[in-house]
Amino acid sequence: MTDSIIDRNAAPHPVLDWRLAELEAHAIFVIREVAAECERPVLLFSGGKDSVVMLYLARKAFEPGVIPFPVMHIDTGHNFPEVIEFRDRLVAEFGVRLVVASVQEAIDRGLVSDPGPTGSRNRMQTVPLLHAIAEHRFDAAFGGARRDEDKARAKERVLSFRDSFGQWDPKNQRPELWRLYNARTLTGEHLRAFPLSDWTELDIWRYVAVNDIELPAMYYAHRREVVRRDSMLLATGRFTPAQPGEEAFEETVRYRTVGDMTCTGAVRSDATTPLEVLAEIEQSRITERGATRADDRFSEAAMEDRKREGYF
Amino acid sequence: MELLRFATAGSVDDGKSTLIGRLLYDTKSLFDDVIDAVAITTARRGGEGLDLALVTDGLRAEREQGITIDVAYRYFSTPKRSFVIADTPGHVQYTRNMVTGASTADVAVILVDARHGLREQSRRHACLSALLGIRHLVLAVNKMDLVDWSRTRFDEIHHDFQALAAERGVPAMAAIPLCALDGGNVVDPSPHTPWYHGPTLLDHLETLPIPQRMSGPLRLPIQMVIKPRPGGSDNAMHERRWYAGSVAGGVPAVGDRVVILPSGVITQIVAVEGNLPAVRVQFADEIDASRGDVIASADDPPNTVPSLVATVVWMHDKPLLPGAHVLVKHATRTLKAVATVLHDKLDVTTLASDSQVAGLGLNEIGTVSFITSLPLPVDPYVQNRTMGSFIVIDPVTNATVGAGMINQ
């Protein structure tokens, strides 16, 4: 990337260019189609940047009306506290109902095994997610997943069909021609809808910059105590204490993704605004999941395997 | 920045994965961790250096079988343009996935192996691309190193392809001799082709014209009616209903005289909000309009027809038979339909047409008539992709079983 779409000298705020306008319009189109065709959609909301952009787009899609579906957070119990605070504030501001499905509750009810106090709960989100979808009879769940994140995601349809076990069958996906989305399901089945499929990490940040969208503060440079583990910087805390041989130190960092504290790493950064983050990402040579998500490092097919089980 | 969507077609044997890997690598679109992972996997499989084909390596089953099963999307940008690649499968049994990728593409890049020239698969891809209304084909003649960069060989294949493109009525085509393995004429010019004076593949993709998306008379299928939040405004105008949708032709403006179809009611647009093409509009009159209806230019409306005649790509094991009850989704309306007549079947490799048709099987293409439960406002597919296309849905399983392009 030698050329940015944003002319930093021309105006205090960058503008919606042709590409972003097309991506925005397509996302709004998908959101409206699903809302019109499905009985009980829900927006999966983690407080991360993609889900915040999704909420913003949902508001735009239905203006001047109300967002006609609730948002749902799959709570691993290992959250960054500031993200939960941000989530609650945003939900109130947007006037949407929040549903919380909890991994801890699933553990307490014996639906999944406890990986221990410091184990990753990311993969475990699948069980409470599928339970909540069944319990609330949701027939469509919007997610902020993008195809540039992973090679399994790169193969997935915008409307991705899930059978009554919540499973994705990558070898037998519905054909998806033009912009004619088939949102029909039978009872017990559901769809995952990915309106941001064609967005890249840079597009998200450009959109955040153009629209002055507020994100959790941890997306910008801040001082934090961290340890170096698997060449990632992990915040120290109750769930992620320094292990023997690791030395905790303070560093100026920001996060590129927001997830379970036990597997989401930070990067060294001085970026305090969306434009500065954009500049850093344009220089960056490492993908956001490769850099900071231990959960995607297990195998060549880590994401494909989780998606087959019903993960986001 | 402009966005160009292109589909790549061809088989793994032709070097399609390597070509895409090369495009991404030479445009510096690959991140270090991806390059590292490719290097490690290359070594583990007994190779040396970087096997760029591994960059687009997808699903487990695809790695096991060394084929592409489903379309994968890749993204990269250069200073001139940003690109979406729909990397589509070549095998005939995955035709439905190929058309999924090609249906939204502006350009199709069809890859052939210089040693083999045009094969059945290349012909099928060229034919399907043309059928889907892709107006620009690029023939990438790969593995030129294996024919000693022979100009004669390239000219032969180019000539065959020109004939094919002309036959299918494709208005624009280009042929480029290249080698994905060493990168020659992909992003950077090859030293081995002094006789070739055309652009590299990337140069060509960066400069070819992108079709205008919002040309022609106004077409705005209504996605939903939006009622304003109660108490949102004192202004009575703002209490009115909004009609939201994505513009499929023209640009709606205040003062436009429009017709609501299929009802035929005429009104005027008095407000337009939103960023094109995702807009919402208000009308001068309180009229009955809802999801599925189309707002169109009153001076240049589409034809509202009780039945459809279309070229249909069938995508399901269970064949389409005359008399079949199906659902059709056209623009934003899903309605009941019956397939009445199967006129003919097209052999996409020989282009022969067969009028003795009992049914349309998986991956077969034919001309089919449908009666619909409501009249539909349609344009021919060649004039307007949105107003001229539909999908066929099985009313019992909800599977998407076919795709149709409406004829003149």
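**Strand pairing and contacts**

A: In this predicted model, strand E7 (residues 222-229) of chain A and strand E9 (residues 249-255) of chain A are antiparallel partners, joined by 5 bridges. Within that pairing, Arg224(A) is placed opposite Glu251(A), which belongs to E9(A). E9(A) is also joined to strand E10 (residues 266-268) of chain A, again in the antiparallel sense, through 3 bridges, and here Val253(A) has Arg268(A) of E10(A) as its bridge partner.

Turning to the contact between the chains, chain B contributes 54 residues and chain A contributes 51 residues. On the side of chain B that touches chain A, the largest share is supplied by strand E2 (residues 72-77) of chain B, with 5 residues. Sorted by class, that side of chain B holds 26 nonpolar, 15 polar and 13 charged residues.

Chain B itself is divided by the domain assignment into domain 1 (2-207), domain 2 (219-297) and domain 3 (303-406). The centres of domain 1 and domain 3 of chain B, taken over C-alpha atoms, are separated by 30 Å, and the contact between these two domains takes 13 residues from domain 1 and 12 residues from domain 3. On the domain 1 side, the elements that give two or more residues are helix H4 (95-102) and helix H5 (120-131) of chain B, with H5(B) providing the largest share, 6 residues. By class, the residues on this side of domain 1 of chain B comprise 5 nonpolar, 3 polar and 5 charged.

Key. Residues are numbered from 1 along each chain as its sequence is written. Chains are lettered from A and ligands numbered from 1 in the order in which they are written. This is a predicted model: local features need pLDDT of at least 70, side-chain atom pairs count only at pLDDT 80 or more; totals for chains, interfaces and linings use all residues. Two residues are in contact if their C-beta atoms, placed from the backbone, lie within 7 Å. Helices (H or I, at least four residues) and strands (E, at least two) are DSSP runs, numbered from the N terminus. Ala, Val, Leu, Ile, Met, Phe, Trp, Tyr, Cys and Pro count as nonpolar, Asp, Glu, Lys and Arg as charged, and the others, Gly among them, as polar. Two strands pair if DSSP finds at least two bridges between them. Domain bounds come from an automatic or database domain assignment.
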